[in-house]
Amino acid sequence: MLGLRRDRLLILLLLGALLSADLYFHLWPQVRRRLARAGADKPRCSCPAEAPAAFPSPKPSTRPPESADKDEGSTQAAGSKLQRLFAHPLYSAPEGPAEKLLSGQEALRYYRRKVARWNRRHKIYREEHNLTLDSVMQLRQEASWLQFHLGINRHALYPRSSPTIDQLLQDTKDFSTISADYSQDEKALLGACDCSQIVKPSGVHLKLVLRFQDFGKAMFKPMRQKRDEETPDDFFYFVDFQRHNAEIAAFHLDRILDFRRVPPVVGRMVNITKEILEVTKNEILQSVFFVSPASNVCFFAKCPYMCKTEYAVCGSPHLLEGSLSVFLPSLNLAPRISIPNPWIRSYTFAGKEEWEVNPFYCSTVREIYPYSSSSRLLDIIDMAIFDFLIGNMDRHHYEMFTKFGDEGFLLHLDNARGFGKYSHDEISILAPLEQCCICDIT
C-alpha cells in the first residue's frame, strides 16, 4: 500500500512539473504579449515625473522636421541623446589654462580688414552689374564662429563644456548665405591659385565654400548617395564617394571621445538656387547650373576630369541636403602644416607600403623625429583608433597648427570617406596600434 502511494505521489509530482512548464513556457508568454499590446499606446517611461537638473525634460519642438536634422541630430535639439550625454560630469571636468592659438586683438584687426575688403569688392560687383546696394557687412565680436576661433588652444579646438559650439552649430544651420564659391581644391585644378601646400585636389568630389550673414564660413558637401548605400566591394578606398553624413557623424564621435580635433559640422537643407546660384559671383560656378529633365536644379564641378552632367548633384527641386563644416582660422592668421602619415596607404592598384609587409615597421618610425621623443606617435595611434571606428582608410596626411610646434595636437580633417562599409571592420587601419603596442589612456 505504501509503495502504491509512492507511485501516485511521483505521478502527481510529474504532472505538476509538466503543468508548471506549460504555464511558464506557453501560457505566461501569451499573457505578456497581450499585456504589451494593451499598453502599447501608453507612454512607457521609467523616468521620474520631474527630471533632474542635469537632464532637463525635452520641450516640444515647433520647427518642421528636416531630413538632415532627423538623421544627424544636432546637439541643439532639446532633450537629444547627445545633449544628455554631454551633460554628464565627465564632459564638464575642469581644464587647466592652455596657450591660445590666436591673439584676440590681432584676430579682430585681421577680420575687420577682411570684412572691409569684402564690402569694397561687394560694392564694386553690384555697381558693375547695376544691382541695388545692400547693407554694409559688420563684424560682430560676439559672432559664434569668431568665438570658436578665439577659443582654440594648445590641446583642442574647443573646451569641453563650451556653449559656443552649440550656438555655432545652430547659426551654421539657420543663417542665410551671402556668397558661394568653389573651394581651394577646385581652384587649384583650374589653376586659379597656388594651393599646393594646403590641398590635394582630386576632382572626384564636389564641395563649395559658403559665407553666412555673420561673415562665418563653412565647407558645403552635398549628399551624393543614399544613406544605406555601402561602398561597392570593387571600389578602391581612394576613389570612394565622399559622404556628407560621414562628416557629421565623425564630428560627433570625435566630441564623444573627447578628442575635440574635428571642426564643428552640422547638416542642413540648402536651397541651391537662392543660397548658392543667386549669391555667387563666380561666373564659372554660375555656368555649371542646369535644370534636369525631372525639373530639378543641378550643378557639377568645373575641372579637367570627372566634371560632366552625369556627376552632377541635384536638388528636389531646389533643396539639397548636405554637411557644413565650419572653417578653421585663416592660414594667414594661424598657419598649418600638412605632414604625410607614416602609415600612409599605397595609392596604386597593386603597390604596398612598407608597413603592410614589415610587421616591425614601428621600430623604424620610432627612430625618426618627432616620433622618437614627443607624444606624436601616441597621437598617430589615437587618430588610427578614431579612423578605425569611422572606417576611414584615406588618412594620407594630417595637419597641425605651426604655432604649437611638435607638441601640438593633430587635426582630424576630411572624414567624408568614413562609414562606407558599416557591415565591415577594416582591421588594417589599426596597424599603428598593433605594431607599436602603445596607447594613450589618459
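**View 1. Strand 2 and strand 3 (residues 217–222) sit side by side, pairing in the antiparallel sense over 4 bridges.** Everything here comes from a predicted model, in which local features need pLDDT of at least 70 and side-chain atom pairs count only at pLDDT 80 or more, while totals for chains, interfaces and linings use all residues. Residues are numbered from 1 along each chain as its sequence is written, and side-chain values use heavy atoms, with hydrogens and water left out. Helices (H or I, at least four residues) and strands (E, at least two) are DSSP runs, numbered from the N terminus; two strands pair if DSSP finds at least two bridges between them. For a pair to look for, find L208 and its bridge partner in strand 3, F220. Strand 2 and strand 3 form a hairpin with 4 residues between them, and F215 in the turn has a positive phi of about 75 degrees.

**View 2. Strand 2 (residues 208–212) also has strand 1 (residues 177–182) as a partner, antiparallel over 5 bridges.** Here S179 stands opposite R211 of strand 2. Which residues of strand 2 point one way, and which the other? L208, L210 and F212 take one side, V209 and R211 the other, and all are buried (under 20% relative accessible area; exposed is over 50% and partly exposed lies in between, with a 1.4 Å probe and protein chains only). Because 5 of the 5 residues are buried, strand 2 is largely enclosed by the rest of the structure.

View 3. As a reminder, strands of a sheet pair through backbone hydrogen bonds, either parallel or antiparallel. Strand 6 (residues 297–299) is joined to strand 7 by 2 bridges. Look for C298, whose bridge partner in strand 7 is C314.

**View 4. Helix 13 (residues 376–390) is mostly covered, with 12 of its 15 residues buried.** From its first C-alpha to its last, helix 13 reaches 21 Å, close to the 21 Å expected at 1.5 Å a residue; the expected span is 1.5 Å times one less than the number of residues. Among the buried residues are L377, I380, I381, F386 and F388, but also R376, D379, D382 and D387. What covers them includes helix 8 (244–256), strand 9 (336–340), helix 12 (361–366), strand 10 (397–401) and helix 14 (431–436). Just after helix 13, G391 takes a positive phi of about 70 degrees.

**View 5. The largest cavity holds about 160 Å³ of space.** A cavity is a set of points, on a 1 Å grid over the protein atoms alone, where a 1.4 Å probe fits but cannot get out; lining residues have an atom within 4 Å of a point. Of the 17 lining residues, N341, W343, R345, R395 and I429 lie nearest the centre. Which helix gives the most to this lining? Helix 13 does, with 4 residues. By class, the lining has 10 nonpolar, 3 polar and 4 charged residues.

**View 6. Q435 lies in helix 14.** Is Q435 buried or exposed? Q435 counts as buried because its relative accessible area is 19%. Not counting residues up to four places away in sequence, Q435 touches W343, W355, N358, P359, Y361 and C362, where contact means heavy atoms within 4.5 Å.

Note on methods:
1 Å grid on protein atoms, 1.4 Å probe; cavity = no way out; pocket = protein on both sides within 12 Å on 5 of 7 lines; lining within 4 Å. Points joined across faces, edges and corners; volume = space filled by probe spheres on them. Nonpolar A, V, L, I, M, F, W, Y, C, P; charged D, E, K, R; others polar.
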